[in-house]
Number of protein chains: 2
Amino acid sequence: MRIAELSSRTGVTSASIKHYVREGLLPAGERVGYNQTAYDETHASRLHLIRALLDTGGLSAAATRAVLAAIDDRDVPLGHVLSTAQDAVSRRGAAPSPGALARVRALVDDRGWTVSEGNPGIAQCAEVLDRFAGIERDDLAGMLDRYAQPVLDIARGDLDAVAADLGDRDRMAETVAVGTALGDAMLAGLRRMAQEHVARTAGPGADAPRPRQP
Amino acid sequence: MRIAELSSRTGVTSASIKHYVREGLLPAGERVGYNQTAYDETHASRLHLIRALLDTGGLSAAATRAVLAAIDDRDVPLGHVLSTAQDAVSRRGAAPSPGALARVRALVDDRGWTVSEGNPGIAQCAEVLDRFAGIERDDLAGMLDRYAQPVLDIARGDLDAVAADLGDRDRMAETVAVGTALGDAMLAGLRRMAQEHVARTAGPGADAPRPRQP
């Protein structure tokens, strides 16, 4: 198909399609004659995946390229697809304090979790602990331990979703990458709803419905 | 204290402090003589809160201003502090499809959750469902129902943390706002660790340790 059809089918502008090709996110189409390029179904589905990672996952172009490369390379084991996707969705903030890092590692050890030194979750949780200390609200740090078991339940379900396609490496790799990148958004969205529900049905003084949006 | 001392105590540059005053995030210091301004402890603690919301929570300056105003205004009920903080941490993406919105609302109804129409979590979860459909991976939509119960457990714990300071409205408001804004980062960080643990201890073909970071 021509670029105009690819654009209308995916809702991605021709300019963006060309941009993704230049950025190395989308394979170039096939040249068919003077100043014409043909695209196929693989381009359409890849465009949807690119937009999911960029727009909903919030990944940078470079991070998206790394995740797509990990999905595409059949020699890359699933564990490395996972770590690539995790690095891609993790922001790098200020270096956390040694004390906060030690506290996160203690949680990991206490729970018997197998976690590499390079896992970006360690620094991310430590950064939050440092922020609590900064505003003199160390009492909020209990959140770390409180969230651990529900999050482990979530991770177990994630793995079951991956294992549903056992034997199909490419599909499993996509599940790992997409689940990691878009699962955060799903979690955060559900948390907004659950928070309102709990606050309005059991909340001390927090029982007012949310004001209508302007 | 002078701005130089406020800067060295908080780790925030003088230029940033002046910027936050201009942006309406930080109250101006007291003019004490020609070209000199005095700051006090309230400025130091407010600066830590601003950085927590901006840098770790990922809020925009406008969203941070709205959250701080909600914390500061004692006439604002906690339910509205919550909805202000929720709106502040929610990105506005493409308008979700009616089908995806209906699916999220069905989950809310099935579980008996009390959730307002304007809750930003509805659109956020619907956007993720649309992305799954876009990449022809509707099988991943089970994530919505699978995450609901663990997230409800998390929200109940969040409310208990707020209720720990029952009677102290200002502290409860801060807990609601900070917990909402920084809780997402904590959840995501823990998820990275739990995912690696589950993948390495039970994963089919995903048992390799993450490669060392360069």
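Predicted model: local features only at pLDDT ≥ 70, side-chain atom pairs only at ≥ 80, totals over all residues.
In all, 30 residues line the largest pocket, and the closest to its centre are Gly57(A), Arg91(A), Asp184(A), Arg91(B) and Asp184(B). Find those five in the 3D view and you'll see that they come from both chains.

Rolling a probe the size of a water molecule over the atoms shows where empty space is left. How many cavities of 30 Å³ or more does the structure hold? There are three of them, and the largest cavity contains about 220 Å³ of space. It has 20 lining residues, and those closest to its centre are Gln195(A), Asp158(B), Leu159(B), Val162(B) and Val176(B).

Chain A contributes two or more residues to this lining from each of helix H8 (142–163) and helix H9 (169–202). On the chain B side, helix H5 (78–89), helix H8 (142–163) and helix H9 (169–202) do likewise. Which element gives the most to the lining of the largest cavity? That's H8(B), with five residues. Sorted by class, the lining of the largest cavity comes out as 13 nonpolar, four polar and three charged residues.

Next, zoom in on a single residue. Thr175(A) sits in helix H9 of chain A. Is Thr175(A) buried or exposed? Its relative accessibility is 5%, so Thr175(A) counts as buried, the cut-off being under 20%. And what is Thr175(A) in contact with, once you set aside its neighbours within four places in sequence? Within chain A the partners are Ala161(A), Val162(A), Asp165(A) and Thr180(A), while Arg137(B) and Leu140(B) are the contacts from chain B.

Finally, a word on cysteines. A disulfide needs a pair of cysteine sulfur atoms within 2.5 Å, and by this rule the count over all chains is zero. As for where cysteines can be found, Cys125(A) is buried, with a relative accessible area of 0%. Cys125(B) is buried too, with its relative accessible area at 0%.

Technical notes: Residues numbered from 1 in each chain as written. Chains lettered and ligands numbered in written order. Heavy atoms only, no water. Buried < 20%, exposed > 50% of the residue type's maximum accessible area, 1.4 Å probe, protein only. 1 Å grid on protein atoms, 1.4 Å probe; cavity = no way out; pocket = protein on both sides within 12 Å on 5 of 7 lines; lining within 4 Å. Points joined across faces, edges and corners; volume = space filled by probe spheres on them. Helix = DSSP H or I, 4+ residues; strand = E, 2+ residues; numbered from the N terminus. Nonpolar A, V, L, I, M, F, W, Y, C, P; charged D, E, K, R; others polar. Contact = heavy atoms within 4.5 Å.
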